[in-house]
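Please consult the sequence and the three-dimensional view while reading.

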Amino acid sequence: MNLKTPLTLEKIKNIKAGTQIFLSGTIFSMRDKAHKKMVEENFFPLNLKDQTIFYMGPSPTRPGHKSGSCGPTTSARMDKWTPTFVKKTGIICIIGKGERSQQVKEAMKGKILYLIAFGGLGALYAKCVKKSEVVLFKELGCEAVYKLEVENMPLIVAQDIKGENIL
Amino acid sequence: MRVIEAKTITDIVKQMCIKAAHNLPADILLAIKKTQKQEKGLAKQITTLMLDNAKIAKKELYPLCQDTGTTVLFVEIGNEIFVKGNLTKAINEGVKKGYTEGYLRKSIVKDPLFKRKNTQDNTPAVIHYSFKNGNKIKISLLLKGAGSENKSVLKMFAPSATLKDIKDFVLDSVKNAGASACPPFVIGIGIGGNFENCAELSKKALLRKIGSANKNKDYNSLEKDLLKEINKTKIGPQGLGGNISALGIFIEEAPCHTASLPVAINISCHSSRHITEVL
């Protein structure tokens, strides 16, 4: 099914784990260092309420391209910070790769739609990006926070709002 | 004695980094095409996307994966060739140029524990040197992403371990790698040697061609058994179920201490990027 951000609980509450999604709209990329900085320094300058975040650190953008290669990175590395991150920001959707810890699965229940992107398909995902800009932590290079406009990103629901999980 | 300028090595390594980041080896591509034919439903759709990704990467020069890895090199140096200049420096210069001029992601941090500051050019590369006869240099280069490298393991078994113990260790490790290491995998296994030699063998095994067999029939039979067992796990492409969980499994063995039996498992994702050049 097609889905467009920004998402609302109403829009996603009946989407079942295992559903294939084509996602369009604005999403924010961030990974280890951005999570660590925000959670451990209690520094949340962006309004991420009801936003979608993507665990991803792109390769540099070649001239003439809109983005570098940009597939998902391993979600489990963010597990340590995710429960606090979700509570502090009010995000509604996470895109990543692979399994989450039991604690994160619990923390996502009722609040977060967890989508997985296909690992190792960075070129294909780069073609879904229509616009990309760094909005926070520029000094972190590929680990900065990017605001991305995407079109028809192929994804799968790994855990739905009810907590059903296919992994 | 043949003489080769260090600059030549730099240029070749630079080209190899860029080529490896955008082009899957022919045998890997063929194995994915075969997987696509053997899968159904979602697994088939995913492998079709994997083939699309390879086409886009090659044609439009997007790296196959944003994680262009740690640069790992195996360099075999002939005894009748002389490199004019510093070989290690020349290789690292090639990596730096390849990653910078090729728009590849620089992922190496200088201090692993405290500062974790990026070196900005993906150096230093991990380089394994060996020596042979002749007047050539053979360079094999892998771009090794962290998603699969992080799931790699080494265990020092006692020689009393059974074949089943070893097989269970491999299967458990592969199951544990799961979706986050990007299956279907290529799996390199080192058996024997000592602690560091065993790990190196498992990395070197990843350079073997899909379909190639260990020359020793016992080890080859173990390779075949393990491949069957791993595919029975039904991990499938991206860990979402399917018939093919590994594209290939390669064992490299070496003599070891009478009291030891080291086993190392180096996992590669489906995007097993490596390239070899002989100079």
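This is a predicted model: local features need pLDDT of at least 70, side-chain atom pairs count only at pLDDT 80 or more; totals for chains, interfaces and linings use all residues.

## Extent of the interface

The size of an interface is often given as the accessible area lost when the parts come together. For chain B and chain A, that area is about 2,800 Å², and 60% of it lies on carbon and sulfur atoms. Three residues of chain B stand out: B:Y62, B:Q66 and B:Y103 provide 25% of the area that chain B buries against chain A, more than any other three residues.

Counted by residues, the contact draws 38 residues from chain A and 34 residues from chain B.

## Polar and charged links across the interface

Between chain B and chain A there are 18 residue pairs in polar contact, where both residues have pLDDT 80 or more. On the side of chain B that touches chain A, helix α3 (residues 41-60) is the element that gives the most, with 10 residues. That side of chain B comprises 17 nonpolar, 12 polar and five charged residues.

How many salt bridges cross the interface of chain B and chain A? The rule finds one. The salt bridge pairs the side chains of A:K127 and B:E60, with a distance of 2.6 Å from N to O. B:E60 falls within the residue range of helix α3 of chain B, 41-60.

## The second largest pocket

Rolling a probe the size of a water molecule over the atoms shows where empty space is left. The second largest pocket holds about 400 Å³ of space. Its lining is made of 21 residues, of which B:I210, B:G211, B:L227, B:L247 and B:G248 are the closest to the centre of the pocket.

Three elements of chain B each contribute at least two residues to the lining of this pocket: α2 (26-38), α8 (217-232) and β8 (246-254). The largest share, six residues, belongs to α2(B). Sorted by class, the lining of the second largest pocket contains 10 nonpolar, seven polar and four charged residues.

## Enclosed cavities

Four cavities of 30 Å³ or more are present in the structure. The largest cavity contains about 50 Å³ of space. Residues of chain B line this cavity: B:L142, B:L143, B:K144, B:G145, B:L206, B:S268, B:S271, B:S272, B:R273 and B:H274.

Which elements of chain B each supply at least two residues of the lining of the largest cavity? They are β5 (137-144) and β10 (273-278). Strand β5(B) gives the most to this lining, with three residues. The lining of the largest cavity divides into three nonpolar, five polar and two charged residues.

## Backbone features

Two cis peptide bonds deserve attention when the model is inspected. In chain A, the bond from A:T5 to A:P6 is cis, with omega near 0 degrees. The proline, A:P6, is placed in the loop between β1 (2-4) and α1 (9-12) of chain A. In chain B, a cis peptide bond links B:T123 to B:P124, and its omega is about 0 degrees. B:P124 is found in the loop between α4 (87-101) and β4 (126-132) of chain B.

A further backbone feature concerns B:L61, a residue other than glycine whose phi is positive, near 60 degrees. B:L61 belongs to the loop between α3 and β2 (70-78) of chain B.

How values were computed: Residues are numbered from 1 along each chain as its sequence is written. Chains are lettered from A and ligands numbered from 1 in the order in which they are written. Side-chain values use heavy atoms; hydrogens and water are left out. Contact means heavy atoms within 4.5 Å. Buried area is the accessible area (1.4 Å probe) that two parts lose on being put together, summed over both. A salt bridge is a side-chain nitrogen of Lys or Arg within 4 Å of a carboxyl oxygen of Asp or Glu. A polar contact is a pair of N or O atoms within 3.5 Å; within protein, one must be able to donate a hydrogen and the other to accept it, and residues adjacent in sequence count only if both atoms are side-chain atoms. Helices (H or I, at least four residues) and strands (E, at least two) are DSSP runs, numbered from the N terminus. Ala, Val, Leu, Ile, Met, Phe, Trp, Tyr, Cys and Pro count as nonpolar, Asp, Glu, Lys and Arg as charged, and the others, Gly among them, as polar. On a 1 Å grid over the protein atoms alone, a cavity is a set of points where a 1.4 Å probe fits but cannot get out, and a pocket is an open set with protein on both sides within 12 Å along at least five of seven lines; lining residues have an atom within 4 Å of a point. Grid points are joined across faces, edges and corners, and a volume is the space filled by probe spheres set on the points.
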